[in-house]
Amino acid sequence: MSKNTKLITNPLGKNNPITVQVLGICSCLAVTAQLKPAFVMALSVTVVVALSNLIISFLRNTIPPRIRIIVQLVVVSALVILVNQVLQAFVYDVSKQLSVYVGLIITNCIVMGRLEAFAMSNKPWASLCDGIGNGLGYGIILIILGFVRELFGSGTLWGYPIMEKLGLYNIGYENNGLVIMAPMALILVGIIIWIQRSSNKELQEK
Amino acid sequence: MKNFNNKYIFLYATALVAVVAVLLSVVATLLKPQQQNNIKNEKMQTLLAAINVSVDRDDAAQAYSQYFTTELTVGTNGEVLSVYDVPQQTLTQGETRAFDIKLKEQQVREREGKQGAFPLYVFEKDGRKGYVIPTQGNGLWGAVFANIALDADLNTIIGVTFDHESETPGLGAEITTEKFQQPFIGKQILDEQGNVVSIAVKKHADANALHEVDAISGGTMTSNGVSEMLAADLARYQAYIAQARNAETQQASKPTTSNQESEKEASNE
């Protein structure tokens, strides 16, 4: 496997930003009550991480180390504001649902983490791959959580009332209110981490 | 590691910020019409939803001018501050169009003891006149909104829509569902003397009672917020409603002459 492909695939599995690096937990609890916002959030974060990685990597030799965090923050903020403006103009419903969380991408540890750890010391192309990989790694967990939480919490998938169509309510099935609350997302993340570590020897701590 | 002198750092930071500022302002300016259009259409869409007309957001503007006839702004003493004719798209009285009023600002003005102006939308559907009152209050986490559509008697609710900023999905956010909104229909906001008593959202509400509906289990704070919002915002129209209903009964009992009309107007002031 080439080095760049690895940069994309690693964060999906054994170097996942949420389950292994344990970054970006806050937003992953907040936006995963339903599948659609989870998906849009995943997409937005992927775009922001990839582009900010790319830009910072291009600039990396010109950035004075003393103000590098500020420069990174300016680049990330600019991108996030752009994403937010575009969402408001073209997918207004989704931007309403995500409300403040889009703005909070700026404070998502994954973004700053990748800039500091990778883009500052790697070439643009590799940085772009790393950004996409980490965005997808974050996104895949969000989508798993969104899927489970929407299905069992609201009985719908992407707004489609699947439980009702299956006729489960008629035989006494009830939606689980706990699944919708943020703590359940944390428990689910814990379960994913458990499954991942028990099946992957490399990740187990002695 | 390369060494950068202070001058370089200073210039670098300045240039970066300038570039970003220009870029963002250009994008914000370009996208602004689209965004405002979205907000405007959404508002029309929710007003239409209150009178049971469901349309796509893109068709909202057209449907709005089809069903809504007049937008009024009303002061808390019942005085009409402005009149906007929807089909003609002209202000026939006053300066501000009710549609452009920000409810929150007016509520704040009123709290500060100043004169507030509150919107009242008049519609005509299937040949029957009615009114929509927009309301805004606080739920558990953020603002909650509602549009209350009243029948021509300014009393009986014929439709409602609720919306919220950030209530808990599955709990407080359930106010947007049909299950919560349906029981409002047929309730009355006035008591027998014609005073605004609003609708209370409470546990174990009596389905036959005229002034209460069932709260959401697990969404008590949001339900209380909705109750308070309705009580506070509907009460602002008390004076207007009383006048309008008086005028209606006068009209019904006596044949209207131009003389009486002007008398009535004089007494309104």
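A crossing of two helices is left-handed if the near helix is turned anticlockwise from the far one by less than a right angle, and right-handed if clockwise. Helices (H or I, at least four residues) and strands (E, at least two) are DSSP runs, numbered from the N terminus.

This is a predicted model, in which local features need pLDDT of at least 70, side-chain atom pairs count only at pLDDT 80 or more, and totals for chains, interfaces and linings use all residues. Residues are numbered from 1 along each chain as its sequence is written, while chains are lettered from A and ligands numbered from 1 in the order in which they are written.

Start with confidence. The predictor gives the complex an ipTM of 0.76 and a pTM of 0.72. pLDDT is its confidence in each residue, from 0 to 100. Chain B averages 85, and 92% of the residues score at least 70. Residues 256-269 of chain B fall below 50. Beyond near neighbours in sequence, that stretch has 6 contacts in the model.

Now take chain A. H8(A) passes helix H11 (residues 182-199) in a right-handed crossing. Their axes come within 11 Å and cross at roughly 120 degrees. Axes here are lines fitted to C-alpha atoms, for helices over the stretch in contact, and angles run from 0 to 180 degrees between N-to-C directions. Angles under 35 degrees count as roughly parallel, over 145 as roughly antiparallel, 65 to 115 as roughly perpendicular and the rest as oblique. H8(A) brings A:Ile141, A:Ile144, A:Leu145, A:Val148 and A:Arg149 to the contact. H11(A) answers with A:Met184, A:Ala185, A:Leu188 and A:Ile192. Two residues are in contact if their C-beta atoms, placed from the backbone, lie within 7 Å. By class, these residues are 8 nonpolar, no polar and 1 charged. Ala, Val, Leu, Ile, Met, Phe, Trp, Tyr, Cys and Pro count as nonpolar, Asp, Glu, Lys and Arg as charged, and the others, Gly among them, as polar.

Chain B has a helix pair too. Helix H1 (residues 6-50) and helix H2 (residues 60-67) of chain B pack at about 45 degrees, with axes 9 Å apart. H1(B) and H2(B) are therefore oblique to each other. H1(B) passes H2(B) in a left-handed crossing. Among the residues that meet are B:Met44 and B:Leu48 in H1(B), and B:Tyr64 and B:Tyr67 in H2(B). This contact has 8 nonpolar, 2 polar and no charged residues.

Next comes the sheet of chain B. Its 7 strands form an open, antiparallel sheet in the order S3-S2-S1-S4-S5-S6-S7. S3 and strand S7 (157-164) stand at the edges with a single partner strand each, so one side of each has no neighbour in the sheet. Two strands pair if DSSP finds at least two bridges between them. S2 (residues 80-85) and S3 (residues 90-93) of chain B pair over 3 bridges. B:Tyr84 has B:Leu91 as its bridge partner. S2(B) and S3(B) form a hairpin with 4 residues between them. B:Gln89 in the turn has a positive phi of about 55 degrees. Helix H5 (residues 220-235) of chain B lies across S5 and S6, running at about 125 degrees to S5(B).

Finally, the chains meet. The contact takes 20 residues from chain A and 23 residues from chain B. H4(A) gives the most to the side of chain A that touches chain B, with 8 residues. That side has 12 nonpolar, 7 polar and 1 charged residues.

Note on methods. pLDDT = per-residue confidence, 0-100.
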